[in-house]
Amino acid sequence: YAQQVQQYAYYQVVTRSAERAVSGCSAGVAKALKLVAAADSDTLLKELRLCTPLPGYMSRGGGTLREELLMVFRIAFANLNMANYPPSPTTGLAVACGRFAAAATAAELWAALRALLAGGDAVNGWRRDGHDTQQQLAAAESKCFSLSGQLPAGPNGTVSCGDWSGCGTGADGRSWDFETCSLLVEPIGTNGVTDMFPPREWTDRWLATHCRARFGVTPSPRELVSAWGF
């Protein structure tokens with residue numbers, strides 16, 4: 001919160017953790033997310049089995065659906081990393097990474113992405129272990145994935161919120177979105193070089209636009225540091 005850490009550090013750590021969990025994970029995830037980044041809306045709806053109707057703001061074109069899905073996957077790995085303790089071959093991170101590392105075809109990469117979405121609530125955290133039976137996973141994958149269910153409460157809620165490691169859903173998500181729109185500003189981006197995610201630069205301008213639309217506030221990233229050395 002002192003604004004002293006460069007924005008790409010967070011997901012660099014997540015990527016290193018994934019690679020430690022299963023060798024080849026980061027390369028597999030990068031390949032899978034390139035499929036998402038290159039796909040049109042119809043392909044995404046089909047391959048990821050997304051529930052319809054989509055949230056209104058994702059249906060307006062301009063790549064918003066792709067961008068928000070990529071954020072869902074960033075947040076998924078952020079949560080898997082936070083739950084990867086103590087590290088073991090059966091944690092949610094290790095099991096997910098095993099699927100991506102083993103995927104050799106586009107169809108297998110799409111299947112690994114669907115399994116990731118089926119593994120839990122994207123923005124609130126995945127299961128802490130990898131003990132899902134094949135029957136449980138198949139049942140979860142047979143359901144559509146609701147992007148509406150990934151949004152924080154309140155007007156103009158979006159998956160890409162004040163915290164690009166995830167705000168959460170409902171009232172809790174709204175509260176954390178406000179905190180990271182006001183005093184607890186977190187610059188977190190990805191570059192596709194030091195991390196396994198497609199590039200998306202975090203900017204003060206993006207945050208200011210988001211926070212004005214959400215809460216009518218202007219972020220104050222240095223206020224706590226100036227006042228209290230926070």
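Predicted model: local features only at pLDDT ≥ 70, side-chain atom pairs only at ≥ 80, totals over all residues.
Local features need pLDDT of at least 70 and side-chain atom pairs count only at pLDDT 80 or more, while totals for chains, interfaces and linings use all residues. Residues are numbered from 1 along each chain as its sequence is written, and side-chain values use heavy atoms, with hydrogens and water left out.

Student: How many disulfides does the rule give?

Tutor: A disulfide is a pair of cysteine sulfur atoms within 2.5 Å. Cys25 and Cys97 form one of them, with an S to S distance of 2.2 Å. By this rule the count comes to four.

Student: Which helices hold Cys25 and Cys97?

Tutor: Helices are DSSP runs (H or I, at least four residues), numbered from the N terminus. The two cysteines are 72 residues apart in sequence, so their pair ties together separate parts, namely helix H2 (residues 25-38) and helix H5 (residues 92-102).

Student: Is Cys144 buried, partly exposed or exposed?

Tutor: Buried means under 20% relative accessible area and exposed over 50%, with partly exposed in between (1.4 Å probe, protein chains only). Cys51, the disulfide partner of Cys144, has 15% and is buried. Cys144 has a relative accessible area of 46%, so the residue is partly exposed.

Student: Is the disulfide of Cys181 and Cys211 left-handed or right-handed?

Tutor: The sulfur atoms of Cys181 and Cys211 are 2.1 Å apart. The torsion about their S-S bond is about -85°, so this disulfide is left-handed.

Student: What pattern do the disulfides of the chain follow?

Tutor: Bonded cysteines are counted along the chain. On that count, the pattern is 1-3, 2-4, 5-6, 7-8.
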